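This report describes one protein chain. Please look over the sequence and the structure before reading on.

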Amino acid sequence: MIAAIGLLVGVVAGLVLQPTVPLWLQPYLPIAVVAALDAVFGGVRALLDGIFDDRVFIVSFLSNVVVAALIVYLGDHLGVGSQLSTGVVVVLGIRIFSNAAAIRRHIFKA
């Protein structure tokens, strides 16, 4: 229930305050969002499997975002930022869909 309230407060604050993303941060934001979604889907899967641990979730969430952003940052400095961004999105996308399939199998027993 606390998570749902926090999500609601965050959405309302975002709509009311309408924050802007600094120009230097814009290339990293989509990758960070995909990495965060990967952690969320992994957390939901772990919850349904009965092995959810809040500490593991927080560490996974933060480390996914930081590592994904660092990979894109490194790619930008090596001159291959778009290729590494695509690689990160593909890998995390595969993980998201894998977790979504496991969640679907758990919910629908199929």
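## Overall fold

The model is a predicted one. Its chain contains 4 helices and 0 strands, and the order along the sequence is α-α-α-α. Taken along the principal axes, the C-alpha atoms occupy a box of roughly 45 × 35 × 25 Å.

Of the chain's 110 residues, 21% count as buried. Contacts between residues at least 6 apart in sequence were also examined: 74% of these join residues at least 24 apart.

## Helix α1

Helix α1 covers residues 2-17. It has 16 residues, and the distance from its first C-alpha to its last is 22 Å. That is close to the 22 Å expected at 1.5 Å a residue.

How many of the residues of α1 are buried? The count is 0 among its 16 residues, and the helix is described as hardly covered. Glutamine 18 follows α1 and has a positive phi, near 45 degrees.

Helix α4 runs over residues 81-108. Its end C-alpha atoms are 40 Å apart, which agrees with the 40 Å that 28 residues should span at 1.5 Å a residue. Just after α4, lysine 109 takes a positive phi of about 55 degrees.

The buried residues of α4 are Gly81, Ser85, Val88, Leu92, Gly93, Ile96, Asn99, Ala101, Ala102 and Ile103. Against which helices do the buried residues of α4 pack? They pack against α2 and α3.

Asparagine 99 is located in helix α4. Is asparagine 99 buried or exposed? Its relative accessibility is 9%, and the cut-off for a buried residue is under 20%, so asparagine 99 counts as buried. Leaving aside residues up to four places away in sequence, asparagine 99 touches Asp38, Phe41, Gly42 and Arg45.

## Aromatic pairs

A pair of aromatic rings is described by two values, the distance of the centres and the angle of the planes. The count for this model is 3 aromatic pairs. One of them is formed by tyrosine 28 and tyrosine 73, with 6.4 Å from centre to centre and 45 degrees between the planes. This pair is tilted. It links distant parts of the chain, 45 residues apart: tyrosine 28 is in the loop between α1 and α2, and tyrosine 73 is in helix α3. Tyrosine 28 is buried, with a relative accessible area of 13%, whereas tyrosine 73 is partly exposed at 43%.

Phenylalanine 52 and phenylalanine 57 also pair, with ring centres 5.8 Å apart. Ring pairs join Phe52, Phe57 and Phe61 into a cluster.

## Pockets

Rolling a probe the size of a water molecule over the atoms shows where empty space is left. The largest pocket has a volume of about 210 Å³. Which residues line the largest pocket? They are Ile2, Ala3, Ala4, Gly6 and Leu7. By class, this lining has 4 nonpolar residues, 1 polar residue and no charged residues.

The second largest pocket holds about 160 Å³ of space. Its lining is made up of 14 residues, and those nearest its centre are Gly42, Gly43, Ala46, Val56 and Ser60. At least two lining residues come from each of α2 (29-49), α3 (54-78) and α4 (81-108). Which helix gives the most to the lining of the second largest pocket? It is α2, with 5 residues. By class, the lining of the second largest pocket has 6 nonpolar, 5 polar and 3 charged residues. Gly42, listed among the residues nearest the centre of this pocket, is also one of the residues that asparagine 99 touches.

Note on methods. Residues numbered from 1 in each chain as written. Predicted model: local features only at pLDDT ≥ 70, side-chain atom pairs only at ≥ 80, totals over all residues. Heavy atoms only, no water. 1 Å grid on protein atoms, 1.4 Å probe; cavity = no way out; pocket = protein on both sides within 12 Å on 5 of 7 lines; lining within 4 Å. Points joined across faces, edges and corners; volume = space filled by probe spheres on them. Nonpolar A, V, L, I, M, F, W, Y, C, P; charged D, E, K, R; others polar. Phe/Tyr/Trp six-rings, centres within 6.5 Å; stacked < 30°, edge-to-face > 60°. Buried < 20%, exposed > 50% of the residue type's maximum accessible area, 1.4 Å probe, protein only. Expected span 1.5 Å × (residues − 1). Contact = heavy atoms within 4.5 Å.
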